[in-house]
Amino acid sequence: MKLATKPTVKTLGDYAYQAIQKHVKKTWKWEKSVKKDEDPEALHQMRVGMRRLRTAVTRFELALDMSKPVSDKNIGKIARRLGNLRDLDVLKESLENNYKPNLPRKEQESLQTAFTALAKQREDVLSSVQKTLKDESYKSLKETLDKWLDKPSYLPLASITIQQVLPDLLLPEVSNFLLHPGWLVGTQFVDSELKIQKNWEPEKIEKQLTTEGEILHSLRKEAKRIRYQMELFTDLYGESYEAYLTEVKSIQEILGTMQDSAVLTDWLENVFKSEIQTELPTLATLLTENRYQSWQQWQPLQERYLKAETRHSFHLTILHPLSGVIK
């Protein structure tokens, strides 16, 4: 007679281990290729791996017994260096594929100055990344994580079942996200009621993004943080959770497109030492149109997330993970 196998109860420690193992494996996998600067995709994957590893380590630290090299500060520093290089690749890719083909010949030729400047800048940043991947703080981070994965050590909270603590892990993140001042950009209070200002002309949107762009960029980073954390627990929730996760990802991407466009404009003005409108008028128009389109995509999501019922429903979704044991 075959005995029924007892389903495993997964603890906070199990989830922490699983997340760290997954992201460590992914991050180290791309290291060699990044050092040799073989493929922009390798750099992208390693940067994402490092960011997700940072999320896992910081969010689970209350259950982990790890030594000092594995710190938010240390991982953050390495992720930022990789990010600086990746940002230049994204900039080049965007100029080459999204904008250059749509420009008149004269502006295409002018862009060569930008590509030359970009190549020089990239050399310097690549050298900084290669140095970072050889230095002691990176080596000790790798060594400490590999040793911990071979022989994990936990704090008492790690033994608690994941369902018991999951809402407590996620709800502070949801609150930070929903209370971010970025939601109020382009709104005003009328008789204590919050109104979104709609049907703005492109010039008005440009002006708003000039003054409030950084706040929206900060909201984008908050969206990325909560997205990475929510993705660790998709197997513990149902459809409503998946729907919120999809929306958070859309918010991150739309605000990201706005930010990338603004960064590209600033960078080009720095290269040409003049207003982009003077040197590259067609490109300037395309970038303004791009931000205008992103703003149109952003406003319906902004409106939805400023509604009390959406916010309450998000909290309720997080409060109710699937019951039962994970097999």
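Glutamine 259 touches Gly213, Glu214, His217 and Arg220, leaving aside residues up to four places away in sequence. The model is a predicted one. Glutamine 259 sits in helix 9, which runs over residues 239-272. Its relative accessibility is 13%. Glutamine 259 therefore counts as buried, since the cut-off for that class is under 20%.

Two or more lining residues come from each of helix 3 (40-60), helix 4 (72-99), helix 8 (202-231), helix 9 and helix 11 (281-305). Helix 4 provides the largest share, 15 residues. By class, the lining of the largest pocket has 19 charged, 16 polar and eleven nonpolar residues.

Next comes the second largest pocket, with a volume of about 550 Å³. Here 23 residues form the lining. Closest to the centre of this pocket are Glu206, Thr210, Ala262, Asp266 and Arg291. Helix 8, helix 9, helix 10 (276-279) and helix 11 each give at least two residues to the lining. Helix 9, the helix that holds glutamine 259, gives the most to the lining of the second largest pocket, with eight residues. The classes in this lining are nine nonpolar, eight polar and six charged residues.

Notes
Residues numbered from 1 in each chain as written. Predicted model: local features only at pLDDT ≥ 70, side-chain atom pairs only at ≥ 80, totals over all residues. Heavy atoms only, no water. Helix = DSSP H or I, 4+ residues; strand = E, 2+ residues; numbered from the N terminus. Buried < 20%, exposed > 50% of the residue type's maximum accessible area, 1.4 Å probe, protein only. Contact = heavy atoms within 4.5 Å. Nonpolar A, V, L, I, M, F, W, Y, C, P; charged D, E, K, R; others polar. 1 Å grid on protein atoms, 1.4 Å probe; cavity = no way out; pocket = protein on both sides within 12 Å on 5 of 7 lines; lining within 4 Å. Points joined across faces, edges and corners; volume = space filled by probe spheres on them.
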